[in-house]
Amino acid sequence: MKLTHLCRIVLLIILYSSSTLATSQDSCASNLVQLQQPIPFDTTSLLCSSVWGTHNFILRYAKASSDVWSFILSFPSNINAYAAIGFSKDGGMKGSSAIVGWMPSPGAGGMKMYDLKGTSQDQVIPDEGDLYVMNASLVPAATSLVYMIFQLKTTQPSTHLLFAIGPNGQYPDDPHYALDKHRDEISITIDYSKGTISEISNLKLRRSHGVLNIAGLSILMMIGSIIARYFKQWDPIWFYLHASIQAFGFVAGVIGIFCGLALSKKLNAKVTLHKNIAIFIIVLGFLQVLAIILRPGPESKIRKYWNWYHHNVGRILIIFAVINSFYGLHLGGEGSKWFLAYGVTLSILVTIAVIMEIRMRIIARKDTHQSRKTSSFPQSMELAY
């Protein structure tokens, strides 16, 4: 009998827990009657999409008139952070406008528009942006949900949407309302007529483009150049190392540039300068390959001109590769860690090159001094006996 009562209690606990979990989840099948205050626009024709299943973000929307769109974004209050929806031109954060809501406790919180001029905190500007927002409110539900309700005055909202949640337990504070860097984010495209969405997953492609170009066209090229200039005493090993490293770096760079072209097409991004510099680097790379194929012999009269051409084209290639790598990190909105890591790596290679150059010049000076000293002694003479 006692065991029967215990089983009933356990069953009741399980049923209660399940019902509590269910009420804290929103879905497109749920209605909006549990909201604690009325919605200032008609909700009968709202379409619905689960835009971020990982964090249970549900977006309801409809075209209210020829130039007004209605939106309701729901998210669980237990994320313990701000929630954001951004309208982007190309799927990226930079240049977008976002609406951010936060509710640390029922009845408390806020909702603001932000202009996302960049990825750092000082470039995320509150109360600015290119959205015309109307009837905005942040409403708690009877369940553990929060609803961001707003209308946009526009004939067609952007189909590139961004969603983000902030760091756990941190909210925008009065009076500056600065946003701390989000702990998770997603970028999607949405078909407003059908309610279908597709995630924009460009992170791997963007990172592949950056890593291949940085490693191939600048870091490996610099290492190969250092070997060619300062390790010629290891003949012919230095030549094979130099040629292999430069060839591998060039191939990696070409693959990286093709990744960049695919990324640019996918995002419809206008990065003309970055692209033109990359094309110029590729042309220089092919000139270097051509130079290796047409390399004259050591005794040839034109060998010194070939050396001048080969060395200087290589230096120009590396300089433009470094410039374009930093510019690409800037365009990609990468954080300071990427800039720091790349800068430290370059500094180490430059320091090694400077030390090796000083060493080489000291040795050359000693050899020159020694040869002069040797030549100053008179030749030995045979004495007559």
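Trainee: Is glutamate 357 buried or exposed?

Mentor: Glutamate 357 counts as buried, at 15% relative accessibility. Buried means under 20% relative accessible area, exposed means over 50%, and partly exposed is in between, with a 1.4 Å probe and protein chains only. Before we go on, this is a predicted model, where local features need pLDDT of at least 70, side-chain atom pairs count only at pLDDT 80 or more, and totals for chains, interfaces and linings use all residues. Residues are numbered from 1 along each chain as its sequence is written, and side-chain values use heavy atoms, with hydrogens and water left out.

Trainee: Which side chain meets glutamate 357 in a salt bridge at 2.8 Å?

Mentor: That is arginine 229, with 2.8 Å from N to O. A salt bridge is a side-chain nitrogen of Lys or Arg within 4 Å of a carboxyl oxygen of Asp or Glu.

Trainee: What else does glutamate 357 form a salt bridge with?

Mentor: Arginine 361, with the closest N and O atoms 2.9 Å apart. Both residues lie in helix H6, four residues apart, about one turn of the helix. An α-helix has 3.6 residues a turn, so residues three or four places apart point the same way. Arginine 361 counts as exposed, at 54% relative accessibility. Through shared partners, salt bridges join Arg229, Glu357 and Arg361 into one network.

Trainee: How many salt bridges are there by this rule?

Mentor: The count comes to five. One of them is between the side chains of aspartate 67 and lysine 153, at 2.8 Å from N to O. This pair also links distant parts of the chain, 86 residues apart: aspartate 67 is in the loop between strand S2 (57-65) and strand S3 (68-76), and lysine 153 is in strand S9 (residues 145-153). Aspartate 67 is partly exposed at 25% relative accessible area, and lysine 153 is partly exposed at 39%.

Trainee: New topic. How many disulfides does a search of the whole structure find?

Mentor: One. It joins cysteine 28 to cysteine 48, with 2.1 Å from S to S. A disulfide is a pair of cysteine sulfur atoms within 2.5 Å. Cysteine 28 is in the loop between helix H1 (2-23) and strand S1 (47-52), and cysteine 48 is in strand S1, 20 residues apart.

Trainee: Why is the disulfide left-handed?

Mentor: The torsion about the S-S bond is about -80 degrees, so the disulfide is left-handed. Cysteine 28 is partly exposed, with a relative accessible area of 41%, and cysteine 48 counts as partly exposed at 24%.

Trainee: And aspartate 115, where is that found?

Mentor: In strand S6 (residues 108-116). Aspartate 115 is buried, with a relative accessible area of 13%. Its side chain is joined to that of lysine 117 by a polar contact of 2.9 Å. A polar contact is a pair of N or O atoms within 3.5 Å; within protein, one must be able to donate a hydrogen and the other to accept it, and residues adjacent in sequence count only if both atoms are side-chain atoms.

Trainee: What does valine 271 touch?

Mentor: Ser264 and Leu331, not counting residues up to four places away in sequence. Contact here means heavy atoms within 4.5 Å. Valine 271 is in the loop between helix H3 (237-267) and helix H4 (272-293).

Trainee: How many residues has helix H5?

Mentor: Helix H5 (residues 303-331) has 29 residues and reaches 41 Å from its first C-alpha to its last, close to the 42 Å expected at 1.5 Å a residue. The expected span is 1.5 Å times one less than the number of residues. Among the buried residues of H5 are Trp306, His310 and Leu317.

Conventions:
Helices (H or I, at least four residues) and strands (E, at least two) are DSSP runs, numbered from the N terminus.
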